[in-house]
Amino acid sequence: MPEEGVPLSPPDYLLTTPEIVYLSSLFVSQGVTKIRLTGGEPTVRKDILPLMQRIGDLRRRGLRELCLTTNGISLYRKLDAMAEAGLTGINLSLDTLDPFQYQIMTRRKGFDAVMKSIDRILEMNKLGAGIKLKVNCVVMRGLNDREIISFVELGREKPIEVRFIEYMPFDGNKWSQGKMLSYREMLAVIREKYPTLEKITDRKNDTSKTYQVPGFEGRVGFITSMTHNFCGTCNRLRITSDGNLKVCLFGNSEVSLRDIIRKANSGQPIDDTAMQDLRLLESVETASRMNDEGLPVGEHEQEILDVIGLAVKRKKAKHAGMGELENMKNRPMILIDRQPMNINTAPFGPEHYPPSQTSIPRRFPKSAWLRISTHILHAASTGASPGPQIRYYHNGHGERKSSSPETELKMSDEKEDNASPSDISLPTTSDHELPHLTPSKKVHMTQITAKPVTERLATATCLVYFSNPKPWQVLRQGQGIHSHKGDVFSVARIAGIMAAKKTPDIVPLCHPGIGITGVEVDVNLLDPAKDEYFHGAMRVVATVSCLGRTGVEMEAMTATVSAALTVYDMLKAVDKGMVIGDVRLLEKKGGKSGHWIREREVSRGDGR
């Protein structure tokens, strides 16, 4: 759901439950074996259970799979009834396993409810429910890519298939190519941890590339829409909640089936009473029987099948490329299947239609499949039909004109604003390698809103080298503890602690208010050594911890340097030649990069 929400459609614009059942019946009569209810969020429909029961009844006419795509929040209490209705598969959308991150990404609580739904599905399957469970995760660089391994490990002891989806451009999802993590990058991350990951043979029309870690019960899949499209084997059709047919998720061309259905009811929505009066389900059964016998079907059903056949016939070989998609007008994802059906269909190829249904008249130019003859796609017989019958979501560049006098192409009612909120606000994207820079190399404060709140820790150190024996002698003899400026060791520690808390005021791009939970500063005297500390030295070590969204490396290093400067200030009366050096990070924990230790990560070519 876009942050600004979406405009709600008037009820009469949406397909009624009987209309959805009618279309489902018609598709099944033509050989469709799988129907998926998706969204939006289908479980918020008040009629979701009776709708599934009515679609589930189509199993006696050839339907094999009834599936659901859901966010899982309100799924738990409906699962048993859905299974009784014939539910066979669930795709559960979940982009993080961190409850705090979940609340940030979804702008609501609900993580526990989702996990409760997953556990219930697994429990039901142990009792023989046979519900295929897949968890869909859209991976975004810098947001949830650090959780890839955690998702994979969901399937260690549980029969869950996790499918990683390449981030795709849709209106309202703040698309940025820099956030898109390719499936090969994801695969490399997994193989670094599990090098024995093996490929599993996919079925002909699968949308995902499937893998498995040996010994794991679950599987891992990749939906590679952006880098390796699967258009050539895709057999899915989508019907939106307002009754439009989309032959491609990324296509911005749609044709209304709703308006054709309602012609039988004078353009008005069809309820259960109208469904019975018009005997629509009976006409579908008749059409199915006539189709099996190779005879012409009824006029009403034939008109719908003609439109579907033409749309499928004119489906492009592959969708637009990444550069085109991000600039192409298309529905926000939540509006593509707001409360509708996603119909996976193999039979709508040329071999499943009589010549009159599959052949395209020469008056249809190849450049625009929606230029369909008006005798096939004419408007409803009354003015009551809401909205245009054919819709074309476009990018607003130029005016689309018809090349045929008998073709009428109506543009979408949606207008593009010249100044959307995203145009007014400055971009927050960071450079991949240097996050304090934008992609155009301008300085900015890194956006950390989407990062999870975790425990973080950093330890840094530095040395104060003496240039003559006096400072070491003073401190060794205890005189430094009672100098006229106070206790050198204690004051230096206090200075380090104060500096850690003031780091954002000193280092310009550090985030303020990160929630420091502790600061430890240690100041020790080092004895003279011939090779390193000829006249002795002071070692400062600082450890800073926090519970926040960004690390505390700069706080730890600022604490050490401030403590060292304090040592210099308190001893400069006896040694103005002191040198502060070797400021470095020793250890860092938490965050995306995990646990970092200097001795393990940095070669000691300088001898230190």
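How are α1 and α11 oriented to each other? In this predicted model, the axes of helix α1 (residues 17–29) and helix α11 (residues 299–313) come within 12 Å and cross at roughly 75°. Angles of 65 to 115 degrees count as roughly perpendicular, and α1 and α11 are therefore roughly perpendicular to each other.

On the α1 side, the contact involves Tyr22, Leu26 and Phe27. These residues meet His300, Glu301, Ile304, Leu305 and Ile308 in α11. By class, the contact of α1 with α11 has six nonpolar, one polar and one charged residues.

Another part of the model is an open sheet of five strands, with the order β15-β16-β14-β17-β18 and antiparallel pairing. The edges are formed by β15 (516–526) and β18 (596–597); each has a single partner strand, so one side of each is left without a neighbour in the sheet. For β15, 10 bridges make the join to strand β16 (residues 537–548), and the two run antiparallel. Val519 stands opposite Val544 in β16.

| Helix | Strands touched | Direction angle |
|---|---|---|
| α17 (residues 488–501) | β15 and β16 | about 145° with β15 |
| α19 (residues 553–571) | β14 (454–465), β15, β16 and β17 (579–589) | about 25° with β14 |

Definitions and conventions
Residues are numbered from 1 along each chain as its sequence is written. This is a predicted model: local features need pLDDT of at least 70, side-chain atom pairs count only at pLDDT 80 or more; totals for chains, interfaces and linings use all residues. Side-chain values use heavy atoms; hydrogens and water are left out. Axes are lines fitted to C-alpha atoms, for helices over the stretch in contact, and angles run from 0 to 180 degrees between N-to-C directions. Helices (H or I, at least four residues) and strands (E, at least two) are DSSP runs, numbered from the N terminus. Angles under 35 degrees count as roughly parallel, over 145 as roughly antiparallel, 65 to 115 as roughly perpendicular and the rest as oblique. Contact means heavy atoms within 4.5 Å. Ala, Val, Leu, Ile, Met, Phe, Trp, Tyr, Cys and Pro count as nonpolar, Asp, Glu, Lys and Arg as charged, and the others, Gly among them, as polar. Two strands pair if DSSP finds at least two bridges between them.
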